[in-house]
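We'll walk through it piece by piece.

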Amino acid sequence: MFKLLLYDSEYLWFVTVTNLVSVAGSVLLWVTCVLFGLIARKYELVLRKKTNWQFMIFAPSGILFFAAIQIWAYSSQVKMNVVQSWIAYACFLASGILSLMGAMRFKQVVTPAKKPAAAPSAAPASAPAK
Amino acid sequence: MEISIPAELVFAIAVALFCISLYYYGRVLKRLLAIIRRPSVIWTLPIAGSILLALGALFHFIPLAIYPQLDPSRTDQLMMICQNRTMESSFIFLAGLISILAGWTYTRWTSR
């Protein structure tokens, strides 16, 4: 429908280029999550603290399925149909949940543990004896 | 054009989760920069990315109200859908790009 109603230049910009940018955006989001997984790997190697970097790298894989479904849908129409939307968004959601779990775990690892408060009995002991 | 509101809600939740993930990555990056003693504001980039991602999602939802009563003879409706889709993809693309920039810069600083 859009092909018939838009001028060629409009179709090129608003449909073809937009679809390509949309797919590229999904891939960039995946690369971002993988990159932070690699940073977590380096952190684990250097500081010997378990970060679950393998999980962080695997978690965003659903975005690639989302991007693949986008490519498949956009090759034939402007918008994903209902079935395609359900599959793509479910993959995106699964990735979102897993990526958030990975990010929270990494945040927990890099956050310094709070020092326990000094015991109340410690203060009088340091006072000079009369 | 047919749309499924529950599927769109799933998309909204997924985007929100990714926004929170990017926010956490920004906080992690802030801590990692403190560890390597390199004061920089690159940790704000993933957080800015999360805001852009949320804006992208906003442009995804604006044309949903038009799809059910889409009239092919009304070019203004078609153009609005097209413009919103362009804005959505641009914002998602920018969100990914600036978040990668932050991660890549940190990786470069910590690599020999």
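**A helix in chain B, and what surrounds it**

Let's start with helix α2 of chain B, residues 44–61, which has 18 residues and reaches 26 Å from its first C-alpha to its last, close to the 26 Å expected at 1.5 Å a residue. (The expected span of a helix is 1.5 Å times one less than its number of residues. Helices are DSSP runs of H or I with at least four residues, strands are runs of E with at least two, and both are numbered from the N terminus.)

Before going further, a bit of housekeeping. This is a predicted model, where local features need pLDDT of at least 70 and side-chain atom pairs count only at pLDDT 80 or more, while totals for chains, interfaces and linings use all residues. Residues are numbered from 1 along each chain as its sequence is written, and chains are lettered from A and ligands numbered from 1 in the order in which they are written.

Back to α2(B). Which of its residues are buried? They are L45(B), P46(B), I47(B), G49(B), S50(B), L52(B), L53(B), G56(B), A57(B) and H60(B). Here, a residue is buried if 20 or more other C-beta atoms lie within 10 Å of its own, exposed if 12 or fewer, and partly exposed in between, with C-beta atoms placed from the backbone. The cover over these buried residues includes α1 and α3 of chain B.

Take α1(B) next. Its axis and that of α2(B) come within 7 Å and cross at roughly 170 degrees. (Axes are lines fitted to C-alpha atoms, for helices over the stretch in contact, and angles run from 0 to 180 degrees between N-to-C directions.) The two helices, α1(B) and α2(B), are therefore roughly antiparallel to each other. As for the wording, angles under 35 degrees count as roughly parallel, over 145 as roughly antiparallel, 65 to 115 as roughly perpendicular and the rest as oblique.

Who meets whom? On the α1(B) side, the residues include F18(B), L22(B), Y23(B) and L29(B), and on the α2(B) side they include I47(B), S50(B), L53(B) and A57(B). The residues of this contact split into 13 nonpolar, 4 polar and no charged. (Ala, Val, Leu, Ile, Met, Phe, Trp, Tyr, Cys and Pro count as nonpolar, Asp, Glu, Lys and Arg as charged, and the others, Gly among them, as polar. Two residues are in contact if their C-beta atoms, placed from the backbone, lie within 7 Å.)

Now zoom in on Y23(B), which sits in helix α1 of chain B. If you skip its neighbours within four places in sequence, Y23(B) is in contact with I47(B) and S50(B). The C-alpha atoms of Y23(B) and L45(B) are separated by 9.3 Å, although the two are 22 residues apart along the chain. With 18 other C-beta atoms within 10 Å, Y23(B) is partly exposed.

**Two residues with a positive phi**

Most residues other than glycine have a negative phi. R37(B), in the loop between α1 and α2 of chain B, has a phi near 55 degrees, a positive value in a residue other than glycine. Is R37(B) buried or exposed? It counts as exposed, because it has 6 C-beta neighbours inside 10 Å.

Chain A has a case too: phi of N52(A) is near 55 degrees. You'll find N52(A) in the loop between α2 and α3 (53–58) of chain A. With 18 C-beta neighbours inside 10 Å, N52(A) counts as partly exposed.

**Over to chain A**

Chain A has 6 helices and 0 strands. Of its 130 residues, 34% count as buried. Among the contacts in chain A with a separation of 6 or more, 62% come from residues 24 or more positions apart.

**Where the chains meet**

The contact takes 37 residues from chain B and 36 residues from chain A. On the chain B side, α1 (5–35) and α3 (75–109) each supply at least two residues, and α3(B) gives the most, with 17 residues. By class, that side has 22 nonpolar, 11 polar and 4 charged residues.

Finally, look at helix α2 of chain A (residues 8–47), which packs with α3(B) at an angle of about 25 degrees, with their axes 8 Å apart. So α2(A) and α3(B) are roughly parallel to each other. The contact of α2(A) with α3(B) has 16 nonpolar, 11 polar and 1 charged residues.
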